[in-house]
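Here is a friendly walk through one protein model. Have the sequence and the 3D view open as you read.

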Amino acid sequence: MSLRISPLGWGVAAVAVVALVLGRRFGWLEAAALGAALAAVVVVALLLTTGRSRYEVRLDMADRRVRIGERAVGRVEVRNVGRRRALPSRIELPVGAAVADLGVPALAAGATHDELFAIPTSRRAVVVVGPVRSVRGDPFGLARRSVVWTQPVDLYVHPLLVSLAGASSGLLRDLEGQSTRDLSDSDLSFHALRDYVAGDDRRYIHWRTTARRGSLMVKQFEDTRRTQTALVLATDPRDYADDDEFELAVSVLASVGVQTIREERDLAVLAGPGSLRVQTPALLLDDCSGLAVAPSGAGAALLGRRVAREAPDASVAMLVTGSVPAESDLRLGARHVATGTRTVVVRCERGAEVAVRTQGSLSLATIGTLDDLPRLMRRVVA
């Protein structure tokens with residue numbers, strides 16, 4: 001519960017005091033009358049804020065997760081739990097930066113009033129809905145007293161997605177792992193034979209070759225590792241020509257991330273000041289809803305460093321940025337990714353044609369619309 005006097009209320013009170021002082025000191029009856037009238041208005045305004053509504057209020061959202069373009073529907077239920085009839089009142093419902101003003105009619109004891117509302121979702125965002133508060137005040141807006149009845153609710157407006165089922169095969173490796181250039185004496189991927197050295201495990205002696213050559217030979221293996229995909233998003237505003245370009249980048253990141261989670265592969269998503277939650281697609285999309293550019297955000301030239309520092313075991317790295325960085329900056333950003341990691345730099349440029357250039361383990365790709373992402377992925381794999 002809080003009482004707030006508006007700037008107009010403070011101004012009226014100040015004029016009332018000044019008029020009363022001048023009227024008393026100089027004998028100005030007009031000033032004294034004006035001061036008394038204004039003081040009476042302030043007192044009446046304060047009296048109108050007194051009293052307490054005996055309400056029980058519930059805020060329900062039909063769905064706390066929606067996609068861009070879907071309408072989020074909710075309901076505010078107000079119930080009079082007092083023993084007497086409640087007078088008409090007003091409740092406020094904050095929705096993001098806006099406030100919806102809802103009227104509650106007179107309610108008999110135990111009666112309930114429902115207010116339905118719909119929230120348009122034209123942009124990706126995390127919208128705070130609530131808390132619902134009842135408001136008492138005067139008609140002139142001099143003072144108001146509000147009572148908070150509910151907790152705020154987060155509404156997640158998820159980015160647009162495109163299905164990648166089948167498009168990522170070959171890029172996002174399966175559980176058998178991806179071979180590296182590191183040799184090992186004990187692993188899953190047979191590589192070659194070498195001469196036996198004292199201390200070697202006799203289980204790995206290759207007896208057929210040993211019998212043929214007349215000297216002990218042991219198996220040598222390549223280290224294998226379970227695939228981890230690292231997705232990194234540039235959040236420096238200087239990397240993007242406009243807001244739509246950043247939205248495309250977020251959708252690319254989210255689409256690949258959701259597909260990776262559905263295929264039950266290890267995933268790290270690095271965006272903003274930290275990493276995003278990847279336990280389920282819903283949690284990843286919740287965090288994607290709140291992504292924004294910031295002057296302190298990492299640009300294209302720093303994305304590879306993030307992979308090396310925060311996901312050093314990644315076998316596949318996708319760096320997503322806007323159209324502004326030059327190709328040299330993109331290559332510079334990818335240079336810090338560990339050797340042997342399949343690296344794809346995706347440059348988002350609205351309206352551009354799909355283009356992929358691959359050299360060694362690095363691919364530089366350009367995408368113009370989200371619908372082109374499956375085709376881009378297939379070209380990267382090819």
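## Strand pairing

Two strands count as paired here if DSSP finds at least two bridges between them. The model is a predicted one, and in it strand E4 (residues 72-80) is joined to E7 by eight bridges, the two running antiparallel.

E4 and E7 belong to an open sheet of three strands, with the order E2-E4-E7 and antiparallel pairing. Strand E2 (55-61) and strand E7 (112-119) each have a single partner strand, so they stand at the edges and one side of each is left without a neighbour in the sheet. From one strand to the next, the twist averages 15 degrees. As a reminder, strands of a sheet pair through backbone hydrogen bonds, either parallel or antiparallel.

The parallel sense can be seen as well: strand E15 (residues 228-233) pairs that way with E16 over five bridges. Gln 228 has Asp 266 as its bridge partner in E16. Strand E16 (residues 266-271) is mostly covered, with five of its six residues buried.

## The largest pocket

Now for the open spaces. The largest pocket holds about 310 Å³ of space, and 16 residues line it. Nearest its centre lie Ser 53, Ala 86, Leu 87, Pro 88 and Arg 136.

Which strands each supply at least two residues of this lining? They are strand E5 (89-95) and strand E9 (133-137). E9 gives the most, with three residues. By class, the lining of the largest pocket divides into seven charged, five polar and four nonpolar residues.

The peptide bond from Gly 130 to Pro 131 is cis, with omega near 0 degrees. Pro 131 lies in the loop between strand E8 (125-129) and E9.

## The second largest pocket

About 250 Å³ of space lies in the second largest pocket. Its lining includes Arg 123, Arg 124, Asp 244, Glu 247, Arg 350 and Asp 371. The classes come to six charged, five nonpolar and one polar.

Arg 123 also gives a sense of distance across the model. Leu 20 and Arg 123 are 103 residues apart in sequence, and their C-alpha atoms are 54 Å apart in space. Leu 20 sits in helix H1 (residues 7-26) and, at 35% relative accessibility, counts as partly exposed.

## An aromatic pair and a positive phi

There are three aromatic pairs in the model, counting rings whose centres lie within 6.5 Å. How are the rings of Tyr 240 and Phe 246 arranged? Their centres are 5.2 Å apart and their planes stand at 80 degrees, so this pair is edge-to-face. Tyr 240 counts as buried because its relative accessibility is 7%, and Phe 246 counts as buried at 5%; the cut-off for buried is under 20%.

One more residue deserves a look. Glu 264 has a positive phi of about 60 degrees, although it is not a glycine. Glu 264 lies in the loop between helix H4 (243-262) and E16. Is Glu 264 buried or exposed? With 63% relative accessibility, Glu 264 counts as exposed, in contrast to the five buried residues of E16.

Methods: Residues are numbered from 1 along each chain as its sequence is written. This is a predicted model: local features need pLDDT of at least 70, side-chain atom pairs count only at pLDDT 80 or more; totals for chains, interfaces and linings use all residues. Side-chain values use heavy atoms; hydrogens and water are left out. On a 1 Å grid over the protein atoms alone, a cavity is a set of points where a 1.4 Å probe fits but cannot get out, and a pocket is an open set with protein on both sides within 12 Å along at least five of seven lines; lining residues have an atom within 4 Å of a point. Grid points are joined across faces, edges and corners, and a volume is the space filled by probe spheres set on the points. Helices (H or I, at least four residues) and strands (E, at least two) are DSSP runs, numbered from the N terminus. Ala, Val, Leu, Ile, Met, Phe, Trp, Tyr, Cys and Pro count as nonpolar, Asp, Glu, Lys and Arg as charged, and the others, Gly among them, as polar. Axes are lines fitted to C-alpha atoms, for helices over the stretch in contact, and angles run from 0 to 180 degrees between N-to-C directions. Rings of Phe, Tyr and Trp (its six-membered ring) pair if their centres lie within 6.5 Å; planes under 30 degrees apart count as stacked, over 60 as edge-to-face and the rest as tilted. Buried means under 20% relative accessible area, exposed over 50%, partly exposed in between (1.4 Å probe, protein chains only).
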